[in-house]
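Let's take a walk through this protein together, one feature at a time. Keep the sequence and the 3D view open as you read.

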Amino acid sequence: MKEILQNLSAEQLKYVFLLGWSIGGIAAIYILYLLWRPKWIFISKSDEGTVSLSKASLIKIIESLAKDVGIKDKIRTKIKCCRGIIDIDIAIRISRRQNLADISRSLRETLQNILINNIGLAAVRKINIIVTEFQSEGSVCKGLCQKEPVNQEVLNNSND
C-alpha cells in the first residue's frame, strides 16, 4: 500500500484523499441518520393536525397483547418502518406444551385486529413471528429435550 501511494503524483494523491474523505463523510451522515431517524409512526393527517404513534408505545401494545394470547416470557419486538409501510418482527419463547400454530395464529389475528381496526395502522405489511425457544416446564425435561443414556456395548459393537 505504501509503495502504491509513493508512486502516485501529487495530483493523484489529492484525489485519493478527497475520495477517502467523501466516503468517510457519507458513512458518518448515514450513521447519524440511523441514530436520529424518526421514532414515530405516522398514522393520519387532517386539517386539525397529525396523529403519530411512538415505536416504544407500539412495542408495549404488542407485548401486552402477547401476554393476553398466552405468551408468558418477555418478547423481543423489532419494528421496521420504510416509506410508510410497517413490518413487525416478534421473537417469542413458548412452552413445548403450547400449540405453535394456535399461538402464532391468535397472536397475528389479535395484532391485526388491534393495530389496523382500533389504532388505524393501515400500513402494516408483515407480522413475522419467530419462535426462538421451546421451554420445558419444571426442572425435569421430557419429550423433545429427553436424551436416552448411551449404551457403551452398542457403541463398542458398532466400532467393530
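**A tour from helix to pocket**

Tyr30 and Tyr33 both sit in helix H2 (residues 10-36), three residues apart, which is about one turn of the helix. Helices here are DSSP runs of H or I with at least four residues, strands are runs of E with at least two, and both are numbered from the N terminus. Before going further, please note that this is a predicted model, in which local features need pLDDT of at least 70, side-chain atom pairs count only at pLDDT 80 or more, and totals for chains, interfaces and linings use all residues. Residues are numbered from 1 along each chain as its sequence is written, and side-chain values use heavy atoms, with hydrogens and water left out.

How many aromatic pairs does the structure hold? There is one. Tyr30 and Tyr33 form this pair, which is tilted, with 6.5 Å from centre to centre and 35 degrees between the planes. For such a pair, rings of Phe, Tyr and Trp (its six-membered ring) need centres within 6.5 Å; planes under 30 degrees apart count as stacked, over 60 as edge-to-face, and the rest as tilted. Tyr33 has a relative accessible area of 49%, so it counts as partly exposed, the class between buried (under 20%) and exposed (over 50%), using a 1.4 Å probe and protein chains only.

Now step back to the whole chain. The protein has five helices and five strands, and along the sequence they follow the pattern α-α-β-β-α-β-β-α-β-α. Of its 160 residues, 20% are buried.

In soluble globular proteins, nonpolar side chains tend to be buried together. Beyond its neighbours within four places in sequence, Ile92 is in contact (heavy atoms within 4.5 Å) with residues including Ile71, Ile103 and Ile129.

Leaving aside neighbours within four places in sequence, Thr77 is in contact with Ile59, Ile62, Ile88, Asp89 and Ile90. Thr77 and Ala91 are 14 residues apart in sequence, with 6.4 Å from C-alpha to C-alpha.

Our last stop is the largest pocket, with a volume of about 430 Å³. A pocket is defined on a 1 Å grid over the protein atoms alone, as an open set of points where a 1.4 Å probe fits, with protein on both sides within 12 Å along at least five of seven lines; lining residues have an atom within 4 Å of a point. Grid points are joined across faces, edges and corners, and the volume is the space filled by probe spheres set on the points. Of the 16 lining residues, Arg37, Lys55, Ile79, Lys80 and Cys81 are the closest to the pocket's centre. Strand S3 gives the most to this lining, with five residues.
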